[in-house]
Amino acid sequence: MAKPLLQSLTEVDARIQNASRLALFLDFDGTLAPIAPDPAAVQLSDWMRETLQRIVERDSVVTTIMSGRPVEDLFVRVRLENVIYCGNHGLEIFGRGLSFVEPEADGRRDRLRRLTEVLQGRLERIPGVRVEDKGLSASVHYRQAAACDIPAIEQAVRASVATAGAWFRLNNGRHVFEVVPRTGWHKGAAVKWILTHLEDGRAFPIYLGDDNTDEDAFAVLQDSITVRVGVDAATCAQYGVPGPTEVYRFISWLEGRAAAHPAPQ
């Protein structure tokens, strides 16, 4: 069972006190910013942006922002330099001199486009559903759909993806179905890739995320600090917080600690 993070800061501090540098991984929707009925309306609050700005300026912290959104969309919403942006559930990584696109996913863009066209055709008559082609993955958002329509939405999505089952798989998110390539790549693989390619290769990871896709990262970071955001989710993360307000409080605490313990030169 996950421990309450904000009641465990003394323990967290003891675990990171000897780290020469921290690698901070932060999911976007539901972690840095509250979930919204319309995904296009999600924005960082001013107070969260200001705190992130301060922490990304610390030499002792390398910050990565993770998302199911494409990197371009993620950057537009965050707009901070000196950050690694990891989009499409880890399939693309850019920033701080890093550049990566998972090659198998990159080669399936046309297949994904055709699949999203099929999904749009099957779902266009159901109000409140939005199909989003994100280049390397796709999303079917149904947060604004009527509850009585959800079984029909799920049936249509599963049937469509099943026709391309050798190429794509389906993940259940928070009021969203995620269509992702069958590549063996996920947020956990992306985190390992980033850690391997950081400057000194010895940063201690801290990962906060609210989605089922973040569990892949928690699983590969069992000796690190992992935090599940949301009170109602089963998780393999070590710590938990209720929502973005508590994430802000933790990041503020971490920034203060980083200011007091700068990275060695």
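**View 1. The second largest pocket of this predicted model has a volume of about 240 Å³.** The model is predicted, so keep that in mind as you look around. There are 17 residues lining this pocket, and those closest to its centre are Ala2, Gly230, Val231, Gly240 and Val241. Strand E1 (3-4) and strand E13 (239-241) each hand over at least two lining residues, with E13 giving the largest share, 3 residues. By type, the lining splits into 10 nonpolar, 4 polar and 3 charged residues.

**View 2. Here's where E13 sits in an open sheet of 9 strands.** Follow the strands across and you get the order E1-E13-E12-E11-E2-E3-E4-E5-E6, with mixed pairing. E1 and strand E6 (98-101) are at the edges with a single partner strand each, so one side of each has no neighbour in the sheet. Zoom in on strand E12 (residues 225-229) and you'll find it paired with E13 in the parallel sense, over 3 bridges.

**View 3. The largest pocket has a volume of about 430 Å³.** Its lining counts 28 residues, and Asp29, Ile35, His141, Val176 and Glu178 are the closest to the centre. Helix H3 (71-78), strand E7 (130-133), strand E8 (138-141) and strand E10 (176-181) are the elements that give two or more residues to this lining. Sorted by type, the lining has 7 nonpolar, 7 polar and 14 charged residues.

Note on methods:
Residues are numbered from 1 along each chain as its sequence is written. This is a predicted model: local features need pLDDT of at least 70, side-chain atom pairs count only at pLDDT 80 or more; totals for chains, interfaces and linings use all residues. Side-chain values use heavy atoms; hydrogens and water are left out. On a 1 Å grid over the protein atoms alone, a cavity is a set of points where a 1.4 Å probe fits but cannot get out, and a pocket is an open set with protein on both sides within 12 Å along at least five of seven lines; lining residues have an atom within 4 Å of a point. Grid points are joined across faces, edges and corners, and a volume is the space filled by probe spheres set on the points. Helices (H or I, at least four residues) and strands (E, at least two) are DSSP runs, numbered from the N terminus. Ala, Val, Leu, Ile, Met, Phe, Trp, Tyr, Cys and Pro count as nonpolar, Asp, Glu, Lys and Arg as charged, and the others, Gly among them, as polar. Two strands pair if DSSP finds at least two bridges between them.
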